[in-house]
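Please read these notes with the sequence and the model open beside you. They go from the overall layout to one particular site.

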Amino acid sequence: MTYFKMPSYHIRQLVRTSQSVAHRFWHDTSAGLSVEVVLIFPMLFWVYAGSFTFFNAYRAQGINMKAAYSIADIVTRETTPIDMNYLNGMNTVYDFMVRNPYPTWIRVTSISWSAEDDEFKVSWSHATKGQTTWTTNTLNNAHSDQLPILADGDFAVVVEAFTSYTPMFRRSIFAPLIGDVDFENFIVTSPRFVPRVCWETSCFDSL
């Protein structure tokens, strides 16, 4: 009889011991903080880096917009004809204000409203770094809804400033959320002290 009872006894002891060990393991909280840190830290880093990326992108966009408005304000205060050297100088000023290591360019266009033709007329248009310029047809087709209402024969100056932006974490998991973007500012301003801003010796280039 004793021979047959021994295995059953050892089995019961093994079960009790296993239950006790499992109970202690389940309720043991030692080193819990380390485990939580390992699990939570990647998520906290993702949230922090993502917040920084989005904040920096909005900050860069704000700086570019303010710089573009500054360029527009400077151009519309000119009382003498401007030329390509002047425009390249404005691009240099723009680069200084935005402090962006990526490519930039600006385009300045003088426009007027023709009641007879019921459209905006381009007096002249010039851009830096070999960029395309506007003609009467291309400007009306692309931006007629962005141009303000003008009196017949009134002039305005369109200043466009362009720069690209690359997020700091562009190669990380943030790429699907925010990637490389282009900041394009389209600003229309009236001349300040003269009826229109002229280009070199001519105020009208028949575009």
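1. The protein chain in this predicted model has 4 helices and 4 strands. Their order along the sequence is α-α-α-β-β-α-β-β.

2. How much of the protein chain is buried? Of its 207 residues, 33% are buried. The accessible surface of the chain is about 13500 Å², and carbon and sulfur atoms account for 61% of that surface.

3. Contacts were also sorted by separation along the sequence. Taking contacts in the protein chain between residues at least 6 apart in sequence, 68% are between residues at least 24 apart. When you trace the chain, keep this share of contacts in mind.

4. Next, the largest pocket, which has a volume of about 240 Å³. It is lined by 15 residues, and those closest to its centre are R59, A60, V98, R99 and Y165. Please find these five on the model before going on.

5. Which elements give two or more residues to the lining of the largest pocket? They are α2, spanning 32–75, and α3, spanning 84–98. The biggest contribution comes from α2, which supplies 5 residues to the lining.

6. By class, the residues lining the largest pocket divide into 9 nonpolar, 4 polar and 2 charged.

Technical notes:
Residues numbered from 1 in each chain as written. Predicted model: local features only at pLDDT ≥ 70, side-chain atom pairs only at ≥ 80, totals over all residues. Heavy atoms only, no water. Buried < 20%, exposed > 50% of the residue type's maximum accessible area, 1.4 Å probe, protein only. Contact = heavy atoms within 4.5 Å. Areas by Shrake-Rupley, 256 points an atom, 1.4 Å probe, with all protein chains shown as cover. 1 Å grid on protein atoms, 1.4 Å probe; cavity = no way out; pocket = protein on both sides within 12 Å on 5 of 7 lines; lining within 4 Å. Points joined across faces, edges and corners; volume = space filled by probe spheres on them. Nonpolar A, V, L, I, M, F, W, Y, C, P; charged D, E, K, R; others polar.
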